[in-house]
Amino acid sequence: MECGGAAAPPHGRARARARQRRGGGAGGARGPAPRAAAGRRPQRRDAGAGRPVRRREPRLDGRGRRRAAGRAELRRLARGASRGRRPRLGARRRSVSAVTAAIAVLAPQVADQIAAGEAVERPASVVKELIENALDAGAGAIRIEIEDGGKSLIRVSDDGAGMTRPDAELALARHATSKIREAADLIGVATFGFRGEALPAIASVSRFELETSSDGDVATRLRITGGKRESVDDAVRQRGTTVTVRGLFFNTPARRKFLRAQATETRAAVEAVTVLALTRPDVAFTLTSDDRPLIDVRPTTRPLDRVHALWGRELADTLLPVAYREGPLEVRGFAQRPAQAKPAGRKGYVFVRGRPIRDPFILRAAEAGYRSTIAPGDRPSLILFLELPGDAVDVNVHPSKLEVRFRDKFFVEKVVEEAVRAALGPLAAAAPLGAGGSGLGAGVSWDG
Ligand SMILES: Nc1ncnc2c1ncn2[C@@H]1O[C@H](COP(=O)(O)OP(=O)(O)O)[C@@H](O)[C@H]1O
Ligand SMILES: [Mg+2]
């Protein structure tokens, strides 16, 4: 913001100068100036910024008068100053002037579309947000349907807590969340969501429909198109929620152009479901793409069974269990036997307090644990679940919630490396997991 004036395009500067000349004249000339400006740009007033801007007028004009009086002095100073100083003086003067007419509070719909740019990048991000909401609502089974890679349709149905009508209406408002009440609640937040942004963001860039019931008796259907509420009706459905998103980015063509081929978007959606299915083996997931079933996994208490259901024996049988603890950090999961690591196609997943995150450094630390047991260029599959106290990690780093910030990153990386090394340690003696070897055992639940 500070450099807005300096960075203004040349015609913007010229306009600012012209405005300044008008505003800096005799007292009587100052009155009509804001009206003229408002007439030229009526939307600025509509946006709700009218009052504060008007209140600022006299102050700014006062400054303008002072500046007018001191302009000759400024010019003299500027002439006398070094070449580098001249534009800076001018830039500062223009930026103050430009603020008068340039600031407006964005309409909520526009703000939602901008938020959507961060949290909703492609169909897979919608799939991710909707599944996270379903998990947060305590769903035991989640059904996902996509068509045309999610570009024409995404539907996520759950059997979770559902919403009452007032809650459903509120859920579509920006920053409306049932998951936190104050910033302090972010410390150790246990739900996937907490920003209250996903639903309004998605609804602002699609034809959106929400059907929900909190008791299986009364149900609500809410329709929103491009952020505009179309209807709120009675509906019939069991307890739970179904969100249908059609025509994603239909009203933001630039965004829509960035969508990839159907196969690519489908792959990304499959990946989004896979990641969340990994972190919650106790929940059933089905994904169909153009009516073809792509994922169908039942609830299980054994994480390895989930890995098996998702990728088959071929991968599951090559994994060694990781179970390691140092101080506050516990690392569990699976590391591939070095002999089975391949140069391509590895699975690499890191979860922190049950959240999938993207952190190449942690995966690299885990690979360091292999030392020389793998051939150069081979990449082992790794599925790692990190548990540590809520105050040791900040999850509110980015709207997509795929990054976290550790209080002590080096400690985390060190422990991950040691955890993998320890898992590979008894390598020679360990029997394959699939053959009833040294897995974490049926009694171990990862969902607590
Ligand atoms: N599938 C769902 N089942 C029940 N409640 C939901 C569901 N999806 C969304 N909600 C409600 O709507 C609110 C807003 O959702 P969202 O915009 O994703 O924000 P957040 O998840 O960050 O709270 C949630 O806090 C929750 O109360
Ligand atoms: Mg959410």
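Me: What is the strand order of the open sheet of five strands, and which kind of pairing does it have?

Reply: The order is 9-10-13-11-12, and the pairing is mixed. Strands here are DSSP runs (E, at least two residues), and helices are runs of H or I with at least four residues, both numbered from the N terminus. Two strands pair if DSSP finds at least two bridges between them. The model is a predicted one, in which local features need pLDDT of at least 70 and side-chain atom pairs count only at pLDDT 80 or more, while totals for chains, interfaces and linings use all residues. Residues are numbered from 1 along each chain as its sequence is written, chains are lettered from A and ligands numbered from 1 in the order in which they are written, and side-chain values use heavy atoms, with hydrogens and water left out.

Me: Why are strand 9 and strand 12 said to stand at the edges?

Reply: Strand 9 (319-326) and strand 12 (355-357) each have a single partner strand, so one side of each is left without a neighbour in the sheet. From one strand to the next, the twist averages 20 degrees. Such angles run from 0 to 180 degrees between N-to-C directions, the axes being lines fitted to C-alpha atoms, for helices over the stretch in contact.

Me: What makes strand 10 and strand 13 a pair?

Reply: Strand 10 (residues 329-336) and strand 13 (residues 382-387) run antiparallel and are joined by six bridges, and the requirement is at least two. They therefore count as paired. Within this pair, Val 331 has Leu 386 of strand 13 as its bridge partner.

Me: Which strands does helix 14 touch?

Reply: Helix 14 (residues 303-311) packs on the sheet and touches strand 9, strand 10, strand 11 and strand 13, where contact means heavy atoms within 4.5 Å. Its direction makes about 40 degrees with that of strand 10. Helix 13 (residues 262-279) lies across strand 11 (348-352), strand 12 and strand 13, at about 55 degrees to strand 11.

Me: What is the order of the open sheet of eight strands?

Reply: The order is 5-4-3-6-2-1-7-8, with mixed pairing. Strand 5 (228-235) and strand 8 (292-297) stand at the edges, because each has a single partner strand and one side without a neighbour in the sheet. Neighbouring strands of this sheet are turned by 10 degrees against each other on average, direction ignored. Helix 9 (residues 123-136) packs on this sheet, touching strand 1 (141-147), strand 2 (153-158), strand 6 (240-246) and strand 7 (284-289), and its direction makes about 10 degrees with that of strand 2.

Me: Which residue takes a positive phi in the hairpin of strand 1 and strand 2?

Reply: Asp 148 does, with phi near 55 degrees, in a hairpin with five residues between the strands. In the hairpin of strand 7 and strand 8, which has two residues between the strands, Asp 290 takes a positive phi near 50 degrees.

Me: What makes the approach of Thr 191 to Gly 193 a polar contact?

Reply: A polar atom of the Thr 191 side chain lies 2.7 Å from the backbone oxygen of Gly 193. A polar contact is a pair of N or O atoms within 3.5 Å; within protein, one must be able to donate a hydrogen and the other to accept it, and residues adjacent in sequence count only if both atoms are side-chain atoms. The distance of 2.7 Å therefore falls within the cut-off. Thr 191 is found in the loop between helix 10 (165-171) and helix 11 (198-204).
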